[in-house]
2 protein chains.
Amino acid sequence: MTEPEPARLLRDLVGEGRATIPQLLAARAARTPEAAFLLHRSRSWSYAQAWRESLRFAGFLEGSISESDRVASYLANAPEALWTWFGTLASGRVHVSINRAHRGLVLSDMLARSRAALLVTDRAAWPLLPELRDRGFRNILFIDEVPEAARSSELAVWSWDNVVSSGDGACRATDPAAAATVIFTSGTTGRSKAVRLPHNMYCRGGAHVAEAFGFRAEDVFHAWLPLAHIAGQLHITMSAIAAGASLALCKTFSRTRFWEEVAEARATVFAGLSNLLSMLLMEPERPGEARNSLRIGLIGNPPPALQAAFERRFGVTIRDTYGMTECEPLTLPAAGQPPGSCGRSGPDFEIAIHDSQDRPVHPGAIGRIVMRPRVPDVMMQAYEGDEEATVAAWRNLWFHTQDLGRLDEAGFLFFIERLKDSIRRGGENVSPAEVEQTLSLHPDVEACAVVGVADPLVGEEVKAAIVLKPAATVDAAGIRRFASSRMASFMVPR
Amino acid sequence: MTEPEPARLLRDLVGEGRATIPQLLAARAARTPEAAFLLHRSRSWSYAQAWRESLRFAGFLEGSISESDRVASYLANAPEALWTWFGTLASGRVHVSINRAHRGLVLSDMLARSRAALLVTDRAAWPLLPELRDRGFRNILFIDEVPEAARSSELAVWSWDNVVSSGDGACRATDPAAAATVIFTSGTTGRSKAVRLPHNMYCRGGAHVAEAFGFRAEDVFHAWLPLAHIAGQLHITMSAIAAGASLALCKTFSRTRFWEEVAEARATVFAGLSNLLSMLLMEPERPGEARNSLRIGLIGNPPPALQAAFERRFGVTIRDTYGMTECEPLTLPAAGQPPGSCGRSGPDFEIAIHDSQDRPVHPGAIGRIVMRPRVPDVMMQAYEGDEEATVAAWRNLWFHTQDLGRLDEAGFLFFIERLKDSIRRGGENVSPAEVEQTLSLHPDVEACAVVGVADPLVGEEVKAAIVLKPAATVDAAGIRRFASSRMASFMVPR
C-alpha cells in the first residue's frame, strides 16, 4: 500500500502531509505575515495578527482554566469566535462548537455534553442559558459586554478585556492525530451526535479543498457559513488558510445584502447549499449584475439546471463537494465531471456503494454510500458518549453514511437521497426527535410527530402533526410561538 | 471494487458465498448424510445424526426459554457441547462460550456478562458456580447428572433427558450477518473482552481454512482444542464441516496419550500451538513412529527449526494461519511461503503494517499488524459492553491487532511479537489484571504484580511478584494452592 497523493499545499507549508490546525495557521503567518486573513466590518487582521490573537487567547486560558479543560463556544460568526477556536486549539485543548441558533432543551443538553469548563458567548445569550454550574462549567467569557446578572452567578466571569490583556500562550498543539473539536450533528434517531474530530482532518481537508477549487492568495471568501459547522470551519476557514486567502466574515446569509457584501469585500468565493442559488436567482435582475467580483461558488449538491442558470446569469463557476461532519471532503471536483455528480473521491478516501448486506453493488447501481480513509486521522474519532452508534456506523470497518448514491464507471459519485430520518432544512440538520421532545412540553399537546416535507427554497421544511389534549385552545401560531422561544429558529415547524 | 474470490466450498454447499453456521451444517447433512461427523469414545454420529441432535436441542430451547434468550455453556469438549452450540444457533439464539477451565472471580464475571438465561454445564461444575440468579440466569442444564444440591436452587433445572425427549426445533438462523457467538478473550489491560462474532465469519473462515489446508472428506481431525475457543470452533469444527471430514473429539491434549488417540481414530489432521510440537519432539523415539496416520498439522506460528524437525521425524506437513478471536483466519498457507512466515492474507482480508501514527510502513519494515475485511461479516461485531475499546481498536477504520509483524515484497506475513501485556500461556491468553485481582484477595497479600516470562514449552509462563503483609506466613506453595481453587489452572502463577 502506497501513501495516496499528499495535500501539496499542506506539505509545502508545514513540510509534512499532516499537521495540527495551529501549526498550519502559524506556518501561514510565517510565510505571508502581512497578507490579510480576516476582514470584518471596517477592521482587518493580517495572518501575523490573527496568529497573535490566537496565542493571546491561549495565554488567557493558561491563566483561567486547567490544562485538560475543554472550551465550548456559543457564538455567532465574529472575529472573537475565530480567536477562541484557534487559541483553544493552540493551547492543546479541545474546542466544542454549539450553534448560536440553538435554544432550550437542545442547548442545555449540548452544554452538558460538551464537558467544557469555560463557555465563550455573548451578552444576548445570557438569558437563554441554563444553570451552567449544573452542566460542569466553572467559567464564562463574554466577547462583548458582561451582563450584570452574570456577576451574581457562581461562575468565574471573564470579559474580552481579560483576553486582550493576557500574554502570549505557548502553542502546544503538536499531534495531528489529537482531538481538535466536537461538533454536534443530528443523528438518525434521537438526539444530536457529538462528533469528535482530529486536527489532521481539518488540515488535509482544507488543503484538498483549496487545491481542487483552485483557491489562491488573492481570493476573498464571502464567509457567512456558521463557524460552529464543519463547512464554516473546514471548507471556508481552513481552505482559506491553506491558500493564504482572506475571509470576509458575515454573521449570517442575507438575500438582500448578499451582493452589497460581495462588492464591498470584493469577494471572489462564496459558499452554501443549493437553496442559496435559488434565492439569488429569484431576485429581480439588476443592470451589471454579471460584472460581480465572484469567480467560484462552493455549493452543496446543486441541481444541474439550477447550477447552469446561476453560472450563466452571474458569470460564476459553481463546484460541489460531498461529505458530512464525520468526514470531509469525501469528494472533490474533477476534470470530466458529469452534470449532477458531486465529484470524485478525494485522495484521502475510498468511496464505495453497498447493498443492504454491506456488499459492493455493480458500477452504476444505487446503494448506500460508504467510505474508508486512505490516510490516518482524516475522519471522526467517535460519536462522543455514543460508542455503540460509532460501532454501528463503522460495521465491517466501513463508515456508513446515511445517504443513497451511485458511482459511475469513471468513479464519479451521484448523490441520490438521504436514508436517515433527520430533516435537512437550509443546510441545518434537524433531529425530529429533538423537535418532538420540546413540542410535547406544551401543556395542550397530547402527542406529536415531526417530519420533513420538500421545500423548493430550503430543501426540506419542518412539519409537525400534533394531537391536542381535549379542551385544548392553542392554535398553530401559538405552537410556533412556544417553539420559537425554545429551539433554534431553523427547527421551528412552519 | 470486485468481490474477492469466494470460499468455493461454501458456495458449492449452500449456493452462496455466505451462510449461517446451521445452514452450512444442514447443507453438509443433506449432501453426505451418512458420512461420519463425530467420533467420541466408542460412539459416532453421522452428519445427518449431528443435524438431528442439533435440531432437538433447538426444540428443547423452544420449550424452556424465550426466543431472545441467550445460552451460555461452561463445558469441556463433549458431544453435548457441540449439540448445545449448533442447537442454540439453529434456534436463532446467541451462544456464549465460557472456558471450562475458568474459576472464581473471572468465571463469575463472565457468567454475568454473558447475558444468558440458560447455563449448560456438567455435574462437577456445580460447586464452582456462583449464585446464578444474581447473574441473570433462570435455567441450568446438566449434560451428565443433576447434582442434588442444584434441585434446591431457585433455578429451573434440566437434564439431558429433557433434550433427548424434545421434538425437533425449527432452524431459524437465516441471516449470515447475525450474531452467532460471544467468546471471551484477554484484553490489553483489565478484564477479558467479550468478542461478539457473526455466523458468516465461521462459514467463510472454515471454508477458507479447509481449502488452504487441503482438507477432504476422508480426513479425521484429532480435535482436542477447546470448543470454547475460536480455534476449536472455526479452524477445527467449521473447517471439518466445510470439507465433510470427521472430528475425533478429545477432552484435552495429552502428551502421553496423543499418539494412541491418533492411531485409534486414524487421525490425519491435528492442531495446536508450537509448544505441542516441542512436547512431542521431547518424547523418546519409538520404532515405527513415522508411520503414523497424520498428514497435516495446523500449528500456530512454529519456529522454522522446530517445524522442520517435526516434519522430518514424524512425516507430517506443518502449516500455519495467523489470526485472533476477533478475525480469523487473517492469513492462510500459500505457495512459495518462506520459512518463518505465517502465510499470506486470505481472500477476505487486507493486511497492512502500520507505524505508530497509523501510516503504512515500507515493505519489509516492522510495525503493527492491521487489517480491513474485504467482504462483510467476517470479523467481530464489537467487544460487547466495551464499545470504547471497540472504537479504539477500529480507529481510522482499520482493526488494530496487538501484534508486531512485517510483510515481505510478495505479501507474506511474518509475526514478530505481541504488543499487548497479556500473557500467552500454551495457547491461552491470560490477563495479568485478572490474576492480580484474585491474588490480592489472599489475606496475606499486600500487593502483587503479574507478568509473563519466556518458557520453552508453553511460550510464556505466568509469574507473580508478591509483597506480603507484615507477619504474613504464607509461602509460594500456599499462594499457588489459593490461586488454583480460584482461577483456571492455566492462569495460576508457577
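Guide: Copies are superposed by least squares on the C-alpha atoms of residues with pLDDT of at least 70 in both. This is a predicted model, where local features need pLDDT of at least 70, side-chain atom pairs count only at pLDDT 80 or more, and totals for chains, interfaces and linings use all residues. Residues are numbered from 1 along each chain as its sequence is written, while chains are lettered from A and ligands numbered from 1 in the order in which they are written.

Visitor: What superposes chain B on chain A?

Guide: A rotation of 180° does, with 0.0 Å of shift along its axis. The RMSD is 0.1 Å. That is why the relation is one of a two-fold axis.

Visitor: How do you know that the copies meet through the same surface?

Guide: Contact means that the C-beta atoms of two residues, placed from the backbone, lie within 7 Å. Chain A gives 22 residues to the contact, and chain B gives 22 residues. Of the interface residues of chain B, 100% are also interface residues in chain A, so the surface is the same.

Visitor: Which element gives the most to the side of chain B that touches chain A?

Guide: α13(B) does, with four residues. Helices (H or I, at least four residues) and strands (E, at least two) are DSSP runs, numbered from the N terminus. β18 (367-373) and α13 (387-393) of chain B each supply at least two residues of that side.

Visitor: How does that side of chain B divide by class?

Guide: It has 12 nonpolar, three polar and seven charged residues. Ala, Val, Leu, Ile, Met, Phe, Trp, Tyr, Cys and Pro count as nonpolar; Asp, Glu, Lys and Arg count as charged; the others, Gly among them, are polar.

Visitor: Why is α8(A) called roughly perpendicular to α9(A)?

Guide: Helix α8 (residues 199-213) of chain A packs against helix α9 (residues 230-243) of chain A at about 75°, with axes 7 Å apart. Axes are lines fitted to C-alpha atoms, for helices over the stretch in contact, and angles run from 0 to 180 degrees between N-to-C directions. Under 35 degrees is roughly parallel, over 145 roughly antiparallel, 65 to 115 roughly perpendicular, the rest oblique. So α8(A) is roughly perpendicular to α9(A).

Visitor: Which residues make the contact of these helices?

Guide: Among them are A:Y202, A:V209 and A:A210 of α8(A), and A:L234, A:M238 and A:I241 of α9(A). By class, the contact of α8(A) with α9(A) has 10 nonpolar, five polar and no charged residues.
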